[in-house]
Amino acid sequence: AGGIGEYNCPGGTCGNCFTGDTLITMPDNTTKRIDELKVDEIVKSEKETSQIQSIDVHEGEFDLYSINGSKHFVTEDHPFQTTEGWKAITPAKATIKHEIVIIEEFILKVGDTLIKENGETEEIITLEKSEEKISTTTYNLRLDNEHVYYADGYLVHNGGARRKIKEDITGVNQIGPIDPIGKDDICLPLGGGGGGGTEVSHKCI
């Protein structure tokens with residue numbers, strides 16, 4: 001029997017996402033900087049398109065990550081779609097039956113294969129954290145319809161992405177496949193923005 005868990009935002013960092021120069025794919029396959037997008041614009045999603053309902057904007061100092069030698073462009077808590085399901089760089093904390101557990105299967109790491117545009121994939125060879133916190137502004141798009149978009153060519157989620165718990169959590173081999181509507185789901189850590197160093201819980205969007 002599966003259990004329902006709720007992801008918590010580590011250190012109140014949820015909602016921080018991409019740097020302003022991150023390129024978002026539009027419906028005609030052109031790209032636009034995320035800091036130039038406006039509410040009501042349409043972006044390309046996995047199957048069709050989605051409309052921007054709101055834009056999260058956060059100013060501060062962040063640990064940023066690069067993938068395969070790219071610029072440092074993303075914070076640790078944003079879900080990326082891989083061939084094994086949604087994953088984030090931060091070790092995911094889930095509350096399962098009132099106990100905090102780390103679910104290794106949800107951690108984005110070297111060796112994972114990312115889903116990109118037009119059916120392409122990319123194996124993560126390097127995943128590097130910035131040497132020090134970077135003072136910048138970060139952005140996330142809140143969408144209707146599919147709730148996913150392409151950031152620098154990678155398929156990413158605009159909110160908490162669901163993955164199913166197949167059994168009680170005692171080890172990494174008990175994580176089941178993605179189940180977008182299953183009742184025994186938990187959410188990857190991403191929300192509308194926490195603060196003050198407190199853990200903020202979020203539901204899937």
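Which residue forms a salt bridge with Lys-109, and how far apart are the closest N and O atoms? Some quick notes on this one, keeping in mind that the model is predicted.

1. Starting with that pair: the partner is Asp-112, and the closest N and O atoms sit 3.7 Å apart. Lys-109 is partly exposed at 38% relative accessible area, whereas Asp-112 is buried at 6%.

2. Glu-84 and Lys-87 also pair up in a salt bridge, with 2.6 Å between the closest N and O atoms.

3. Glu-122 and Lys-116 make another salt bridge, 2.9 Å from N to O. In this case both residues are buried.

4. Zooming out, the structure has 12 salt bridges. As a reminder, side chains of opposite charge can pair when their charged atoms come close.

5. On the fold: the protein chain has 20 strands and zero helices. Of the contacts with a separation of 6 or more, 63% are between residues 24 or more positions apart.

6. Last, the surface. The protein chain has 205 residues, and 50% of them are buried. Its accessible surface is about 9600 Å², with 47% of that belonging to carbon and sulfur atoms.

Definitions and conventions: Residues are numbered from 1 along each chain as its sequence is written. This is a predicted model: local features need pLDDT of at least 70, side-chain atom pairs count only at pLDDT 80 or more; totals for chains, interfaces and linings use all residues. Side-chain values use heavy atoms; hydrogens and water are left out. Helices (H or I, at least four residues) and strands (E, at least two) are DSSP runs, numbered from the N terminus. Buried means under 20% relative accessible area, exposed over 50%, partly exposed in between (1.4 Å probe, protein chains only). Contact means heavy atoms within 4.5 Å. Accessible areas come from the Shrake-Rupley method with a 1.4 Å probe; for residues, only the protein chains shown count as cover. A salt bridge is a side-chain nitrogen of Lys or Arg within 4 Å of a carboxyl oxygen of Asp or Glu.
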